[in-house]
Amino acid sequence: MDLTSLTIDAARSAIQERQTTALALAEAHYARIQKEDGAIGAFLTLSKERALEQADRIDRIAAEGKPLPALAGVPVGIKDVMSTRGVRTTAGSKILEKYIPPYDCTAVARMEAAGAMVLGKLNCDEFAMGSSNENSAYHPVRNPRDLNRVPGGSSGGSAAAVAAGMAVATLGSDTGGSIRQPASFCGVVGLMPTYGRVSRYGLIAFASSLDHIGPLTKTVKDAATVLRTIAGRDPMDSTSADVPVPDFVAELNKPIRGLRLGVAKEYFAEGLDDEVRQAVESAIDKLKGLGCEIVPVSLPHTPYAIPTYYLIATAEASSNLARYDGVRYSHRARGAKTLAEMYRRSRDEGFGAEVKRRIMLGTYALSAGYYDAYYLKAQKVRTLLTRDFDEAFGKVDAIVTPTSPTAAFRLGEKTNDPLAMYLADIYTVTADLAGIPGISIPCGETKETLPIGLQILGKHFGESTILRVAQMYAQS
Amino acid sequence: MKVTEKDVAYVADLANLELTGEERRGMLRDLNSILDYIDLLNELDTSDVPPMAQVSDRYGANESKQGSERFAYASREDVLEGLRKSLPHEDALANASDADEQFFRVPKVIER
């Protein structure tokens with residue numbers, strides 16, 4: 001049995017049936033990390049002690065013949081924006097290089113309560129700001145499918161770890177596409193749940209009205225299993241919704257025949273790579289063949305999504321990142337004479353170029369005289385973008401689009417042009433702004449064998465539907 | 001050009017950033033290029049459109065209620081340690097670069 005190619009269920013059953021142990025699974029994955037990750041760079045910190053303790057716990061339950069929980073002995077990785085008690089959490093930034101959180105993120109705690117073994121913390125763009133993982137203050141992540149290409153971002157480490165068999169599942173975060181776009185680039189499944197579905201307690205905040213936690217996995221079923229584990233109201237996060245959590249796994253096998261799938265022409269406009277278009281169009285044909293009705297819909301405000309996103313996300317970020325002042329837990333510059341100088345120099349030394357750029361843009365958009373023209377304007381367009389989806393979802397059950405306009409690009413290709421980098425998120429940001437769920441699943445490859453992603457968007461709290469569509473597509 | 005050198009200095013000041021001369025020049029170029037693109041939003045007449053600050057107001061637990069009443073579930077009694085115990089002093093100070101047993105230490109704030 002190849003221990004690094006297992007799905008969640010296969011890993012759990014293999015332990016339950018005593019064909020292997022959680023310890024063997026953890027060790028096989030650490031060996032794989034040792035062998036592969038020098039070239040890929042997905043992990044920033046390993047938490048071996050913590051993982052092995054959990055392995056021991058699981059192996060004892062298995063030895064007693066008791067039933068194992070859903071994620072028992074599943075080796076997972078956590079994007080380094082989620083707090084882990086006693087394990088360094090950097091957010092990919094030098095400003096948190098030495099930060100050891102005193103508490104656990106709820107999503108991580110729920111994964112571990114279900115038996116998952118946390119192997120370590122995964123590289124990402126600094127404070128989750130980026131689309132290529134090149135903004136990590138430590139080192140870029142390389143795409144396991146082609147080491148000269150980016151894995152996408154900002155959850156690039158989370159996607160690469162799954163793609164390279166260094167973890168069975170990972171958690172990522174999505175503010176403008178940061179789960180779905182890297183999933184697409186690395187050829188794995190990435191699910192962004194509805195805003196409020198998963199608690200963000202312990203997630204290092206980037207843009208609070210847009211931040212989501214979700215899984216990256218090898219299969220659609222694994223994504224459903226992880227979502228079922230981490231979803232649901234958490235009193236520690238007042239934005240987590242008090243909405244019933246269905247059994248996403250049980251609902252996977254409900255038929256999709258007769259579902260209405262929307263196709264929006266705005267997602268197939270100029271800028272979409274031909275090979276991506278062909279792959280997505282043939283995926284849509286396949287879904288039609290599976291009994292779905294394909295319905296044209298219009299999302300007319302789509303071209304305004306990126307400017308709207310970059311105003312709202314940066315405004316919120318400028319406020320959220322004000323806390324890094326060198327006093328309580330972040331990097332402090334040496335030798336400052338006054339408090340003000342200490343703040344400035346600590347932030348100057350601790351933040352990277354893209355983070356500074358976004359803090360500046362956000363601060364500008366919120367400053368006196370510009371608030372109405374920029375921030376308020378963006379909030380109004382956010383309403384229009386959300387209404388587009390309301391109208392479309394009056395006619396259809398889900399909407400299918402490409403996840404990204406291109407397959408993975410080369411390292412360095414877009415680093416000198418922030419705007420070009422921002423446009424890599426053109427098909428993903430709108431779902432974050434509207435708060436609807438979206439999943440990216442592999443739907444073919446380019447001639448250069450780079451993965452292509454199909455995105456399926458759903459109604460608020462409609463994860464079951466998009467998971468079902470994804471499952472049927474993947475199985476056919 | 002929308003943003004001037006003076007604006008960059010003013011905004012950096014608001015954001016508690018110093019920025020080197022080179023960083024300021026880069027910021028001037030990047031902010032202007034991004035804001036030019038953002039001008040696209042002015043094509044839309046939004047005079048009658050309400051702003052949307054967050055998504056949560058679309059799924060209040062109690063749809064029959066209005067405003068903050070819909071989010072009653074998101075509030076709790078304002079009592080000491082209502083959700084969990086506070087962090088022990090030692091843990092709360094553990095990540096500070098300078099602290100004594102009681103407080104975070106910072107450079108002098110008031111000159112006399």
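1. Let me start with a strand pair: E9 (residues 398–402) and E11 (residues 451–458) of chain A run antiparallel and are joined by five bridges. Strands pair if DSSP finds at least two bridges between them. A:Ala398 has A:Gly458 in E11(A) as its bridge partner. Strands (E, at least two residues) and helices (H or I, at least four) are DSSP runs, numbered from the N terminus.

2. A word on the source: this is a predicted model, where local features need pLDDT of at least 70, side-chain atom pairs count only at pLDDT 80 or more, and totals for chains, interfaces and linings use all residues. Residues are numbered from 1 along each chain as its sequence is written, with chains lettered from A and ligands numbered from 1 in the order in which they are written.

3. Now the whole sheet: it is open, with 11 strands of chain A in the order E1-E3-E2-E4-E6-E5-E10-E11-E9-E7-E8 and mixed pairing. At its edges are E1 (43–46) and E8 (293–297) of chain A, each pairing on one side only.

4. On to the two chains: 47 residues of chain B are in contact with 56 residues of chain A (C-beta atoms, placed from the backbone, within 7 Å). H2(B) gives the largest share of chain B's side, eight residues.

5. One helix pair to look at: A:Pro307, A:Tyr310 and A:Leu311 in H9(A) meet B:Ile34, B:Tyr37 and B:Ile38 in H2(B).
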